[in-house]
Amino acid sequence: MLLNNNTERVMDLIDMYDNLSNIDKVRLAIYLLENKGFDVDFNVENMIILLKEVLNKLDPSYSKIIVNFAKY
């Protein structure tokens, strides 16, 4: 029962992620990398810079928008 409930939650989370636009997926990735303090073997700062460049090309008004991450 508990396993089925968790499986449904994971599937719902995957569906929510799939429904995001590409711009929102990049924003979410930047948010997670900046605020969650991942301890990994590669340079997270370079990844954040690269993602911000990609987001700036996808959405020129990126730097002028305040994003409410509560909706994610």
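Trainee: Which residues form the negative surface patch?
Mentor: E8, D12, D15 and D18 form that patch. Asp and Glu count as negative, Lys and Arg as positive, while His and the chain ends are not counted. This is a predicted model, where local features need pLDDT of at least 70, side-chain atom pairs count only at pLDDT 80 or more, and totals for chains, interfaces and linings use all residues. Residues are numbered from 1 along each chain as its sequence is written, and side-chain values use heavy atoms, with hydrogens and water left out.

Trainee: Okay, and what counts as a patch?
Mentor: Patches are made of residues with over 30% relative accessible area and no salt bridge; like charges are joined within 9 Å, and nonpolar side chains (Val, Leu, Ile, Met, Phe, Trp, Tyr) within 5 Å. The place of a charge is taken as NZ of Lys, CZ of Arg, CG of Asp or CD of Glu. The areas come from the Shrake-Rupley method with a 1.4 Å probe, and for residues only the protein chains shown count as cover.

Trainee: Where does D18 lie, then?
Mentor: D18 lies in helix α1. Helices are DSSP runs (H or I, at least four residues), as are strands (E, at least two), and they are numbered from the N terminus.

Trainee: And how accessible is D18?
Mentor: D18 is partly exposed, at 48% relative accessibility. Buried means under 20% relative accessible area, exposed means over 50%, and partly exposed is in between (1.4 Å probe, protein chains only).

Trainee: Let me zoom out. How many helices and strands does the protein have?
Mentor: There are 3 helices and 0 strands. Going from the N terminus, the elements run α-α-α.

Trainee: What share of the protein is buried?
Mentor: Of its 72 residues, 15% count as buried.

Trainee: Now salt bridges. How many does the structure hold?
Mentor: It holds 2 of them. A salt bridge is a side-chain nitrogen of Lys or Arg within 4 Å of a carboxyl oxygen of Asp or Glu.

Trainee: Which residue does D24 pair with in a salt bridge?
Mentor: D24 pairs with R27, and their closest N and O atoms are 3.3 Å apart. The side chains of D24 and R27 are also joined by a polar contact of 3.3 Å. A polar contact is a pair of N or O atoms within 3.5 Å; within protein, one must be able to donate a hydrogen and the other to accept it, and residues adjacent in sequence count only if both atoms are side-chain atoms.

Trainee: Where are those two along the helix?
Mentor: R27 is in helix α2, residues 22-35, and D24 is found in helix α2 too. Because D24 and R27 are 3 residues apart in helix α2, about one helical turn separates them.

Trainee: Is D24 buried or exposed? And R27, buried or exposed?
Mentor: D24 is buried, with a relative accessible area of 13%. R27 is buried as well, at 10%. The C-alpha atom of R27 is 8.2 Å from that of L51, and the two residues are 24 apart along the chain.

Trainee: What about E34, which side chain does it meet in a salt bridge?
Mentor: E34 meets K52, at 2.8 Å from N to O. This pair links distant parts of the chain, with E34 in helix α2 and K52 in helix α3 (residues 44-58), 18 residues apart. E34 is partly exposed at 39%, and K52 is partly exposed at 31%.

Trainee: Last one: where does E45 lie?
Mentor: E45 lies in helix α3 and is exposed, with a relative accessible area of 52%. From C-alpha to C-alpha, E45 and E34 are 8.3 Å apart in space, while they are 11 residues apart in sequence.
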